[in-house]
Amino acid sequence: TEATQDAYEGATTQIMQLGLANGCLLSSLLLSYIPVALYGAYMLYSGVQEDGCDPSGSSINNPECEPVTAADIFGAMFGISFAGSVMPQITASYEAFMGAQSAA
């Protein structure tokens with residue numbers, strides 16, 4: 001029972017650390033949306049104020065905003081999302097490779 005208790009404590013300590021690391025990564029991902037959204041909104045707003053352009057690009061009479069459109073900002077936010085969602089998978093894979101290497 002002492003060995004079982006030691007194994008349990010070791011496993012729960014590691015799970016807490018991995019959960020904390022994943023939580024910090026997710027929070028940093030969500031916090032990264034703030035500057036992307038604010039800077040993108042500033043760029044679109046300045047383009048609309050200066051040129052009267054259309055951020056959506058759907059109007060025939062108004063030109064599309066250059067160099068940044070609303071779709072570009074949306075794409076940047078999705079890029080951050082996908083990059084942030086892949087990072088925890090990389091760490092789990094690395095841990096599995098290290099475990100396999102030590103078992104061999």
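Predicted model: local features only at pLDDT ≥ 70, side-chain atom pairs only at ≥ 80, totals over all residues.

Trainee: Let's start with helix α2. How do you know that its length fits its number of residues?
Mentor: Helix α2 has 34 residues, 70-103, and at 1.5 Å a residue they should span 50 Å. The C-alpha atoms at its ends are 51 Å apart, which agrees.

Trainee: Which residues of α2 are buried, and what covers them?
Mentor: Ile-73, Ser-81 and Gly-84 are buried. The cover for the buried residues of α2 includes α1, residues 2-51.

Trainee: On to the rings. How many aromatic pairs are there in the whole structure?
Mentor: The search turns up two. One of them is Phe-74 with Phe-78, at 4.7 Å centre to centre and 90 degrees between the planes.

Trainee: What makes the Phe-74 and Phe-78 pair edge-to-face?
Mentor: Two cut-offs decide that: ring centres within 6.5 Å make a pair, and planes over 60 degrees apart make it edge-to-face. With 4.7 Å and 90 degrees, Phe-74 and Phe-78 pass both, so edge-to-face is the label.

Trainee: And where do these two sit relative to each other along the helix?
Mentor: Phe-74 and Phe-78 are four residues apart in α2, so about one helical turn separates them. As a rule, an α-helix has 3.6 residues a turn, so residues three or four places apart point the same way.

Trainee: Why is Phe-74 called exposed, but Phe-78 partly exposed?
Mentor: Exposed means over 50% relative accessible area, and Phe-74 is at 52%, so Phe-74 counts as exposed. Phe-78 has 39%, which lies between the 20% and 50% limits, so Phe-78 is partly exposed.

Trainee: What about Phe-78 and Phe-82: why is that pair called stacked?
Mentor: Their centres are 5.9 Å apart and the planes make 25 degrees. Phe-82 itself is exposed, because 55% is over the 50% limit. Through these ring pairs, Phe-74, Phe-78 and Phe-82 are linked into a cluster.

Trainee: Which residues make the nonpolar surface patch?
Mentor: Leu-31, Ile-34 and Leu-38 make it, and its area is about 320 Å². Leu-38 lies in helix α1.

Trainee: Last one: what makes Asp-54 buried?
Mentor: Asp-54 lies in the loop between α1 and α2. Its relative accessibility is 13%, and buried means under 20%, so Asp-54 counts as buried. Leaving out residues up to four places away in sequence, Asp-54 touches Ser-59, Asn-62, Pro-63, Glu-64 and Cys-65.

Terms used. Residues numbered from 1 in each chain as written. Heavy atoms only, no water. Expected span 1.5 Å × (residues − 1). Buried < 20%, exposed > 50% of the residue type's maximum accessible area, 1.4 Å probe, protein only. Contact = heavy atoms within 4.5 Å. Phe/Tyr/Trp six-rings, centres within 6.5 Å; stacked < 30°, edge-to-face > 60°. Patch = residues over 30% accessible without salt bridge, like charges linked within 9 Å, V, L, I, M, F, W, Y side chains within 5 Å. Areas by Shrake-Rupley, 256 points an atom, 1.4 Å probe, with all protein chains shown as cover. Salt bridge = Lys/Arg side-chain N within 4 Å of Asp/Glu carboxyl O.
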